[in-house]
Every structure is written in structure tokens, then in C-alpha cells.
Amino acid sequence: MDVILHLAVTAMLVLGAVWKAVDLTRAPHDRLLRLLALCLFLLAAGDILGFPEVRDRLMAFAPAGVGKVAFNALYMSGLSTLILFFAASTRSAPADFRRQLRLHTGLLAGVLTTLVISMIATPPALRDHTPSTPYIGQPGIAGFYLVGNAFFIYAYVVSGLWALRYARRASRQLARSLRTMTAGLFGLALTAAGRVALVLLRIDAPGSHSELEAANQVNTDLALGCVLIGIMLFGGVQLATHLRSVLSHRRMHDQLAPLWRALVTAYPELVLHREPARPLWNRLRLRHTHARFYRRLIECRDGLVRLSPYLALAAPDTDLARCGPDRLARHITTALDLKPESEDPHTALPAVRVALPTGNDVSADARALIALSMAFARADHGHSGHPKR
């Protein structure tokens, strides 16, 4: 059972690392994203190296004990990065994050140095050890497990506490996944504490207390199961949020079409970028949906600015900034008729404010223009033969 869970957790970590690496290529300066991508990569690499068959193949030509040190170095570095990710997510003062960075970097360096020294102090013939080896009492071997597991206890507990703190201000779905993951992290801390107790008990009685080892393995399976469920829930929340955003922007992009077509017909130069003639493929490319929506929103707003002098002529006594969408749509039709086919480039026309949003954010502007576009469509003011994207 533990092998299946190990494989499942590793697969989820690998998928997460690839996903966040792709996101990082689009936002390379995002510190949180860098930390999360690095954390997932280190934990995934550590999990892969945790399989004895993989470790033996990769370290076939390396000195004895290098594989064990490498596995612990990767996994411990991943946990330290996870702690730093949660610390950075709290939006505390930069000095607080730098203090956390110094603390955990120093602690990790000290622990890894101790593990290397312990491995060097162990005779080469005994370096391929496990907690069940009969020579567990060797100082280098006992020190390796005691120091390593003490760090794991600390890292699992601290990252779990940070996750709980982060969950308090997260959405309900994300908080549920973080709490599930935290239960798994606390369970893994308990298994690390069990390994410490097992090593201490076996120093004088090698191979004893097999019942404790069996109980620890069961607890490991349960903890890994919680971590796996938490990761899956976390990934599901992220994916659902992304898809909702894509679908929302795609819907708003289509809702802006009636107004956009009328304006770019009058002012073709407003079109910021014409994509290749692959409309179906471009429509299916999710990562371009946001850019297409924002581009259309900007083009609509620019078109209204360009048309606003003629709107002022069409409705001289109307507050175009606060005019209702249905009435404004009729004024736009009149203004488009007033606009000459070719404008004198040397003629300066004063712009006026049109369809001001109720808020200062992009969403408010989108809502105002979509209401106007829908009113334009209801009045059947669309023209045929307009460029489409």
C-alpha cells in the first residue's frame, strides 16, 4: 500500500511542478510562484529518489551513502521552501520574510552538514544502512537518523502550522484542502517522531520493537493519504478557479462583440493585433482567452473615446458619462451616421466621457461596456461584414 501511495504522491508532485513551471515562464518575477515551483520540484525529485530502485540506478557509480544524503537534501530543501512559501504568502513585512529565510537556510545548512559528517564517519561498508540494521548503535548511523528525523519533525509541524494560518484567510474550498494536507503533515511528523523513538530503542537492542515499526508504517500510509487528498483538492481548486476565469472572460469577450464590431468598422486602426486566420484553434487556446478579452475591452473603450465628439453632437444635452445603456446605444447609432467616411487628420475634436463605470477596477469597466454592447445588440444595430477574431 505504501508503494502505491508513494507513487501517487510523487505523480501529483511532478504534475504540480510542471504546471507551476509553465506558469513561472509567464510570470518569472513572481516570488510566491518561484517558491512554490521550487518547492514542488524539490519534493518531487526527493520522492523520486526515495524509491530504492531509482536511487540505486542513479547512484550506481557514486560513493556509498551519497544516495541517502542526496534524498534527504532534496526532501529537506523542499520542506524548507514550503515553509518559506507559506511565510511569503502572509504578506508580512519584507524584514520578517528575510528573517525566516535566514533562519531556515541556516538550519537546513546545519542539518545537511551534520548528515554529511555522520555519513563520512560511518565505515563505507555500513553506509547503506536502514533503521533495521543490526549496527544502528554506530554513532554515525544513529546520529544520521536522529538529526534527520528531528529536522523532519520540525519541518512537518512548522509547515503544517503555516498552512493552517494561511487557511484562515483562504477560500472555503482552498482552506479545506490545506487543512487536509495539514493533517497529513502532522501525521508525517508523528511518524518521524516514531522513527526517533525506534532508533533510540534499538541502540541497545537492534531489530527490536517491530510492532512499533509496523504501527509507524500504518501511520505513514494514513498521513500520505491525507497529503495526497489535500494536494488533489488544492490542484482541483486551482484548476476550477482557472477554468471559471477563462469561461468568464470568454463569455464577456463574446458579449462585447456587437459594440466592438460597430466601433472597429468605423475605426479599423483600433484593432491592436490581428491573429492568424485560425478562428477555431484560437478560440480553443485557453491561455490566450484573457489577452483576447482585455484587448477587446481596450479597443471598445478606445473606440468610444474616438467616437465621443460625434456622440456629443448627436446628444448635445445628454450626460454621456451617466446615460443609460439603451439610450446611449441609440446615440451611438446616430453618432456613427454623423461620422464622415474619412476624417481630416488635422482636425482636433474634443473627447467627452462616455459610459463611466461605477467602480475603478477593470471588472466595473467591463460591466459598463457589456451592458452597452447588449443594449446595442437588442436594438439590432450590428453591421455585417466586420472583422472577427
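**Spans and rings**

Analyst: Let's start with residues 69–89: the span is 100% helix and 0% strand, with its end C-alpha atoms 30 Å apart. Helices here are DSSP runs (H or I, at least four residues; strands are E, at least two), numbered from the N terminus.

User: What kind of model is this?
Analyst: It's a predicted model, where local features need pLDDT of at least 70 and side-chain atom pairs count only at pLDDT 80 or more, while totals for chains, interfaces and linings use all residues. Residues are numbered from 1 along each chain as its sequence is written, and side-chain values use heavy atoms, with hydrogens and water left out.

User: Which residues does UniProt list as "transmembrane region"?
Analyst: The unreviewed UniProt entry lists 6–25, 32–49, 69–89, 101–121, 141–164, 185–202 and 222–243. Positions follow the numbering used here, feature names are shortened, and annotations may be inferred rather than shown by experiment.

User: And how far apart are the end C-alpha atoms of 185–202?
Analyst: They are 26 Å apart, and that stretch is 100% helix and 0% strand.

User: Switching to α5, how many residues does it have?
Analyst: Helix α5 has 28 residues (94–121) and reaches 40 Å from first C-alpha to last, close to the 40 Å expected. The expected span is 1.5 Å times one less than the number of residues.

User: Which of its residues are buried?
Analyst: Among them are F97, H104, L108 and M119. Buried means under 20% relative accessible area, exposed over 50%, and partly exposed in between (1.4 Å probe, protein chains only).

User: What covers them?
Analyst: The cover includes α2 (31–49), α4 (66–89) and α6 (139–167), with contact meaning heavy atoms within 4.5 Å.

User: How many aromatic pairs are there?
Analyst: Eight. Rings of Phe, Tyr and Trp (its six-membered ring) pair if their centres lie within 6.5 Å; planes under 30 degrees apart count as stacked, over 60 as edge-to-face and the rest as tilted. F86 and Y166 have ring centres 6.0 Å apart and planes at 55°, so that pair is tilted.

User: Where do those two sit?
Analyst: F86 is in helix α4 and Y166 in helix α6, so the pair ties together parts 80 residues apart in sequence. Both F86 and Y166 are buried.

User: How about F152 and Y156, why is that pair stacked?
Analyst: Because their planes are at 20°, with ring centres 5.9 Å apart. F152 and Y156 are four residues apart in helix α6, about one helical turn. They also belong to one aromatic cluster with F71, Y75 and F151.
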